[in-house]
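Subject: Structure handover

Dear colleague,

Please find the structure below, together with its sequence. My notes on it come after.

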Amino acid sequence: MTRSIIRAAQWTLGPESTEGAPRGIYSAECLTCGAQAQSTDNERLPVEVWTLKHTGVNPTHRQFRATAETFWRVTPSNGNPYAESDAQGA
Ligand SMILES: [Zn+2]
């Protein structure tokens, strides 16, 4: 994800970087029968493999709703009063 800076508001939007937070959660659902892949943290490939296998077993099931969920965090930029209070642990 590209880090964006909203200078007028003195806040920075970026990916959630807390330890243990997933960069993304991937999942897919068959639009024919509603079967769902087990969602995965950070790994898209297992969901893609599930999708291909699902169609392999059910050749008429070829449409899926794929979801990639990501997490963002907004942090105060330099000059934002909250930057100082965050640094002090307040
Ligand atoms: Zn299906």
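This is a predicted model: local features need pLDDT of at least 70, side-chain atom pairs count only at pLDDT 80 or more; totals for chains, interfaces and linings use all residues.

Three strands form an open sheet in the order S4-S3-S5, and the pairing is antiparallel. S4 and S5 are the edge strands, each pairing on one side only. Helix H1 packs on this sheet and touches S3, S4 and S5, with its direction at about 10 degrees to that of S3.

The two pairings can be described by their bridges. Strand S3, residues 25-30, is joined to strand S4, residues 40-41, by two bridges. Between S3 and strand S5, residues 64-69, there are six bridges. Both pairs run antiparallel. Strands of a sheet pair through backbone hydrogen bonds, in either a parallel or an antiparallel way.

Ile25 has a partner in each neighbouring strand: its bridge partner in S4 is Asp41, and in S5 it stands opposite Glu69. Further along, Ser27 has Thr67 as its bridge partner in S5.

Ala28 and the core

Which residues make up the largest nonpolar core? There are five of them: Tyr26, Ala28, Ala37, Val47 and Phe64.

Ala28 deserves a separate look. This residue lies in strand S3. Is Ala28 buried or exposed? Ala28 has 21 C-beta neighbours inside 10 Å, and therefore counts as buried, the cut-off being 20 or more. Not counting residues up to four places away in sequence, Ala28 touches Ala37, Val47, Trp50, Thr51, Phe64, Arg65 and Ala66. Among these contacts, Ala37, Val47 and Phe64 also belong to the core. The C-alpha atoms of Ala28 and Ser39 are 7.6 Å apart, and the two residues are separated by eleven positions along the chain.

Asn42

The other residue to check is Asn42, in the loop between S4 and helix H1 (45-57). What is the phi of Asn42? The value is positive, about 70 degrees, although Asn42 is not a glycine. Most residues other than glycine have a negative phi. Why is Asn42 classed as exposed? The reason is that 9 other C-beta atoms lie within 10 Å of its own, and a residue counts as exposed at 12 or fewer.

Regards

Note on methods: Residues are numbered from 1 along each chain as its sequence is written. Two strands pair if DSSP finds at least two bridges between them. Helices (H or I, at least four residues) and strands (E, at least two) are DSSP runs, numbered from the N terminus. A nonpolar core is a set of buried Ala, Val, Leu, Ile, Met, Phe, Trp, Tyr and Cys residues joined through C-beta atoms within 7 Å. Two residues are in contact if their C-beta atoms, placed from the backbone, lie within 7 Å. Axes are lines fitted to C-alpha atoms, for helices over the stretch in contact, and angles run from 0 to 180 degrees between N-to-C directions.
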